[in-house]
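Here is a protein model to read, one term at a time. Each answer sets a value against the rule behind the word.

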Amino acid sequence: MNSSTDHVLRDAPLSQPSSSSRQSPIVTGSSDFLSSPPPFTRGSSTLSDVTVCTTRFDNGEKSATEFISQQVIHSVAPPQDVDNSVPYVKRIKNLLSEAEVQSDWQKTATFFIPCTDFVAIINEDSVGRILKDMANIKSSQRAEAVARICGTDPLGRESEGKLPSFRKVFATLIRIDKHESIFDFMNHDPPISDQDLPLRMVIDSEGKRCGLALASAPKAPIAFTTNPQWSIDERQNFCNLQWALSPTFFAVEGNKEEETHKKVHYQCPAGTILPFVHQPTPPSTFDQQGMVDIRRKPIEGGFSIVSFHKLHTSQQNLKRYTADGPDRLVAVKKLKTSSLEEFQKELKMLIRLTPLPTPHLAKLLTTFEIQGKSSTERDYCFMSETADSNLQEFWGQDPTRLAESLNISPAQLARWMAKQCRGLADAMSLIHNNGYKPDADPDQPRHGFHGDVKPLNVLVYKTWVGHEHPLGILQITDFGISSFHHTASLSGISRGRDAHAYRPPESNLPFMKTTQSHDIWTLGCLFLEFVTWLLKGPSAIPDFREKRRSYGLEENHVINTFYKVDEEDGKTVISISEDVLTWANDLCKHPSASKFICDFIVLITSYMLVIENTGLKASSRRMKLQKNLAATATATPVSSLNGSRTQASSWVPTKRLSAVEVVKALDRMIEQDEDYYARPVDAADRPKLGHHNDGSRQVITFQLSLDQIVDASKEQIE
């Protein structure tokens with residue numbers, strides 16, 4: 001040991017700032033420090049333009065300290081008079097090992113010590129007892145040494161700044177049997193404290209591990225770690241074990257119960273241990289109401305992977321939204337791309353939507369990124385509450401049995417559906433309009449767009465705080481292709497992801513404008529399948545989808561959309577699918593179809609599933625085609641069932657309702673009495689869907705053949 005008894009606290013006053021005050025960048029850490037990847041660049045995912053999101057680089061150390069100060073933590077260090085045959089420091093070492101919890105994030109087994117357990121073990125009592133057994137420190141200096149290690153002031157003096165702590169350094173040294181080296185760290189100029197962790201291994205020109213280094217000087221080994229008293233194994237073990245004491249602490253900035261709190265984005269260097277508790281993967285099961293347990297294996301989509309984890313309760317101080325609080329599993333959506341632009345796009349949407357006053361929009365808990373093996377590789381992740389199921393899985397239940405199990409009537413189930421559909425429409429209206437704040441920057445885009453409504457992107461929560469219901473509430477989620485724009489015309493939206501059955505006709509015609517009404521069409525598709533489930537049960541959903549099978553624009557391209565494409569006299573005609581109208585009429589004829597069901601289906605088929613002439617994209621690069629792509633009036637009359645032409649009605653809808661208008665229509669339905677939902681409608685009162693007074697319905701006709709449409713689409717994409 002280089003430090004003498006007389007110089008244990010040499011040049012280290014209590015107010016001495018830590019070296020971290022020099023704004024040194026965080027460096028890479030890894031279980032394999034031989035590879036020595038490049039430093040993690042602070043600010044690599046700057047989110048300064050997201051005004052309600054804070055980026056943190058400290059793994060949440062400040063939040064953890066605040067959280068610990070609010071807890072009642074009792075020391076678990078063994079009394080001095082227990083089992084004196086085992087050195088006290090060895091017993092503390094054993095307690096640290098026993099406190100380790102396995103994380104289930106990394107592919108290899110990694111362990112962390114929760115912050116509350118750590119403080120219960122490494123505290124003034126245990127540190128003082130360990131120092132008492134050390135021969136190289138005077139009893140008169142012990143109290144001040146304990147205070148410095150624990151980051152406290154034994155004299156009760158007010159410090160000019162936060163006192164640096166050496167708890168984690170000391171604990172790591174205890175675990176590698178080098179606790180007496182703590183004074184080398186404390187006496188270093190400047191001191192090397194917890195705020196300077198993680199240290200990194202220095203590899204010399206011969207590829208050998210020659211010492212440990214600070215982030216501020218990654219190629220300059222700390223002198224005392226290069227001497228023979230530090231073996232290569234001890235250096236390596238220090239590097240590996242230091243991470244277990246600094247798992248990320250996830251929190252918000254500000255009071256989590258106040259609307260003004262800010263979400264936090266965490267930048268985590270490689271080697272960071274995330275505090276997700278390892279649990280055996282449960283089998284896919286059903287709960288008492290037959291609800292699918294989706295808390296199982298990760299769900300992989302085209303652009304992300306969603307996994308479900310138990311976040312350690314002592315490593316979080318987040319705003320939680322369900323009655324389960326911090327005990328509920330969290331869902332972590334990891335993007336497959338390392339594109340900062342893609343991550344920021346979805347994050348900005350969530351940051352703007354999370355505070356909005358509706359339970360029908362997904363709420364963000366926090367976000368984080370982890371550095372990969374290279375300085376440019378990132379895993380971008382979003383954290384949210386795990387749902388009880390998604391709507392697709394919810395539809396797997398039999399509605400009659402579900403109502404019986406919850407002791408509710410079919411009419412009550414129908415009213416619940418109406419309220420949930422109203423909630424989804426209201427959430428969409430907020431996306432379309434109220435994401436914009438009038439007092440914000442006038443250049444801020446104000447028109448929102450979701451673009452990917454489907455059953456998999458509608459979640460079901462049973463215990464959402466303030467909205468608990470045995471059936472649950474529905475939430476719109478997955479804003480991966482959502483965005484805000486300056487105008488209501490969203491012609492810049494990419495069509496590459498819009499491939500599911502709910503897509504409106506204009507989404508497959510690149511020369512047509514995409515507007516917010518895209519979301520109204522997709523909501524209409526979802527609502528019609530919702531009614532199908534309510535009346536006919538889960539088996540009818542795939543039957544309905546099979547009925548819609550047809551060929552798209554290209555030969556042998558089978559689709560099951562809600563519209564169809566025909567060719568008549570060398571012209572292309574797009575209209576709502578005959579099969580959809582026939583199916584909707586059959587639903588109205590169902591023995592259990594009430595006045596509500598019929599009114600709802602009319603709303604869907606006549607005012608949401610409308611073939612719109614949205615006009616041509618002004619940015620089209622194929623200007624010569626535009627002269628031939630002129631569409632006829634959208635109210636071109638075609639008989640709803642036999643295809644014969646008739647005179648158009650003056651009130652044939654030519655534009656889909658807005659989300660606000662859909663909400664108002666559903667409000668009127670929800671206000672009706674129980675009989676409106678319970679009594680089957682008389683045959684004479686059933687609507688004839690697809691007919692507008694004289695039997696006409698709306699289409700769009702292009703003055704091009706199908707082949708020309710396909711060629712135009714290909715050229716536009718190219």
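**Terms and values in a predicted model**

The model is predicted. The protein holds 20 helices and 26 strands.

Q: Why is Phe394 called buried?
A: The cut-off for buried is under 20% relative accessible area. Phe394 has 1% relative accessibility, so Phe394 counts as buried.

Q: What makes Trp416 a buried residue?
A: The relative accessibility of Trp416 is 5%. That value is under 20%, so Trp416 counts as buried.

Q: Why is the pair of Phe250 and Tyr266 called edge-to-face?
A: Two rings pair if their centres lie within 6.5 Å, and planes over 60 degrees apart count as edge-to-face. For Phe250 and Tyr266 the centres are 5.2 Å apart and the planes stand at 85 degrees, so the pair is edge-to-face.

Q: Where in the chain do Phe250 and Tyr266 lie?
A: Phe250 is in strand β6 (residues 250-251) and Tyr266 is in strand β7 (residues 263-268), 16 residues apart. Both Phe250 and Tyr266 are buried. They also belong to a cluster linked by ring pairs, together with Trp105, Phe276 and Phe368.

Q: Why is the pair of Phe394 and Trp416 called tilted?
A: The ring centres are 5.5 Å apart, which is within 6.5 Å, so the rings pair. Planes under 30 degrees apart would be stacked and over 60 edge-to-face. The planes here are at 35 degrees, so the pair is tilted. Phe394 is in helix α10 (residues 391-394) and Trp416 in helix α12 (residues 410-434), 22 residues apart.

Q: What describes the packing of two helices?
A: Two packed helices are described by the distance between their axes and the angle between them. For helix α14 (residues 540-547) and helix α15 (residues 578-588), the axes come within 9 Å and cross at roughly 145 degrees.

Q: Which residues of α14 and α15 meet?
A: Ala540, Asp543, Phe544 and Lys547 in α14 meet Asp579, Val580 and Trp583 in α15. Four of the contact residues are nonpolar, none polar and three charged.

Terms used
Residues numbered from 1 in each chain as written. Predicted model: local features only at pLDDT ≥ 70, side-chain atom pairs only at ≥ 80, totals over all residues. Heavy atoms only, no water. Axes fitted to C-alpha atoms, helices over the stretch in contact; angles between N-to-C directions. Helix = DSSP H or I, 4+ residues; strand = E, 2+ residues; numbered from the N terminus. Contact = heavy atoms within 4.5 Å. Nonpolar A, V, L, I, M, F, W, Y, C, P; charged D, E, K, R; others polar. Phe/Tyr/Trp six-rings, centres within 6.5 Å; stacked < 30°, edge-to-face > 60°. Buried < 20%, exposed > 50% of the residue type's maximum accessible area, 1.4 Å probe, protein only.
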